[in-house]
Amino acid sequence: MNRDKFGRKINYLRISVTDRCNLRCIYCMPQGGIKLFPHNEILSYEEIIKIAKASSNIGIDTIRITGGEPLIRKNIPYLIEELKKIESIQDIAITTNGILLNKMLPELISAGLKRLNISLDSMKKDRFFEITRQDALFEVLKGIEKSLDAGLYPIKINMVVIKGLNDDEIISFVKLTEKHPLIVRFIEYMPWGSLGKWDEKKIISAKEIRVIIEREFGKILPANINSKGPADNFYINGFKGFVGFISPLSEHFCGRCNRIRLTADGKLRLCLFSQQEIDIKSKLRSGASIEELTSFICNSISLKPEKIDIINHIKNHPREMSQIGG
Ligand code: SAM
Ligand code: SF4
């Protein structure tokens, strides 16, 4: 049931719960924000849960909650709790900028959250502000510390590396894995959507990042950890954590893509980069049953493209990354 027509197993659903965010990362959202979806266009939790149930019928067993910033949507622990009740969903995680973690961690853990991804591009206060346009580094670091203390595992730190902006911090980020069981992942910056014109010359490839790391630490070794995502993971002898590379631009990972996406305004997306999307909200709001939604999702998956010319698709993409969820 859960293979697409190119034989890829589709078992992972990323659900964006909001297009709103409390940061304005320069590569993701314009300073003045974006035109937001009206509230009535955003899927309710009940609608999201119905789609998740239908997805689980076709083999989805892993869900990641994203945004915008997912933790600013009211009552997110309730959603986690309800998704956890779906029998065949084995794993629920969240991707967050981490600002609200310090405050919300206890309720997220009570709801059943066991693992999370935290986006962090700089550990320097002024630079964090330059990238995110908010003075919030302290809160994010506190959130990471609390998540470690609470024993969440794995905690992945996602760093978008931008040439000339934060590539001088690569080594400091790797060093986080020396004493802490963190998985630090370096993500290639994508010149996306309306912000894509920002500067293509600032792309730094995973290979270049690896050279910088190996110059400092010697050869890094492949790590056989089940990370469920597109990252290639490595370890350094004696370090508690791991480093990973997510290289959408330099190494196409379409061949091992296992995921579909649901946007906050109710569109199914079969590929992060593609401009194609399928309106599941209209189907849902016209009264479709779970069985009908199941076959709708199943038919949609058959439209998943085999691979895509990424650079051409992400330039002038009609959605900003914050409206998809990464
Ligand atoms: N607000 C949450 C966060 O930042 O973790 C979740 C949504 S955010 C869109 C998901 C991920 O997409 C983040 O790790 C972010 O760094 C990444 N991202 C956004 N724009 C990007 C870009 N142009 N290139 C590479 N990664 C990007
Ligand atoms: Fe917000 Fe995440 Fe986009 Fe930054 S990357 S603006 S935190 S949605």
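This is a predicted model: local features need pLDDT of at least 70, side-chain atom pairs count only at pLDDT 80 or more; totals for chains, interfaces and linings use all residues.

Colleague: Ligand 1, then. Which residues come nearest?
Modeller: Tyr27, Gly68, Thr95, Ser119 and Met190, out of 18 residues around ligand 1.

Colleague: What's the shell made of, nonpolar, polar or charged?
Modeller: The shell around ligand 1 has 7 nonpolar, 9 polar and 2 charged residues.

Colleague: And where does the backbone of Met190 come in?
Modeller: A backbone N or O atom of Met190 is 2.8 Å from a nitrogen atom of ligand 1. Gly68 also has a polar backbone atom 2.9 Å from a ligand 1 nitrogen. With Glu69 it's a polar side-chain atom, 3.3 Å from a nitrogen of ligand 1.

Colleague: How much of ligand 1 does the protein bury?
Modeller: 93% of the 550 Å² that ligand 1 exposes when taken alone.

Colleague: Switching to the sheet: how many strands, and in what order?
Modeller: It's an open, mixed sheet of 12 strands, running β7-β8-β9-β6-β5-β4-β3-β2-β1-β10-β11-β12.

Colleague: What joins β7 to β8?
Modeller: 2 bridges, with the strands antiparallel; β8 covers residues 232-235. Across that pairing, Pro222 sits opposite Phe234 in β8.

Colleague: Last one, Gln323: buried or exposed?
Modeller: Buried, because its relative accessible area is 10%, which is under the 20% cut-off. Gln323 lies in the segment after α10 (310-314).

Colleague: What does Gln323 touch, leaving out residues up to four places away in sequence?
Modeller: Asp19, Ile34, Lys35, Phe37, Thr263 and Pro318.

Terms used. Residues are numbered from 1 along each chain as its sequence is written. Chains are lettered from A and ligands numbered from 1 in the order in which they are written. Side-chain values use heavy atoms; hydrogens and water are left out. Helices (H or I, at least four residues) and strands (E, at least two) are DSSP runs, numbered from the N terminus. Buried means under 20% relative accessible area, exposed over 50%, partly exposed in between (1.4 Å probe, protein chains only). Contact means heavy atoms within 4.5 Å. A residue is near a molecule or strand if one of its heavy atoms lies within 4 Å of it. A polar contact is a pair of N or O atoms within 3.5 Å; within protein, one must be able to donate a hydrogen and the other to accept it, and residues adjacent in sequence count only if both atoms are side-chain atoms. Accessible areas come from the Shrake-Rupley method with a 1.4 Å probe; for residues, only the protein chains shown count as cover. Ala, Val, Leu, Ile, Met, Phe, Trp, Tyr, Cys and Pro count as nonpolar, Asp, Glu, Lys and Arg as charged, and the others, Gly among them, as polar. Two strands pair if DSSP finds at least two bridges between them.
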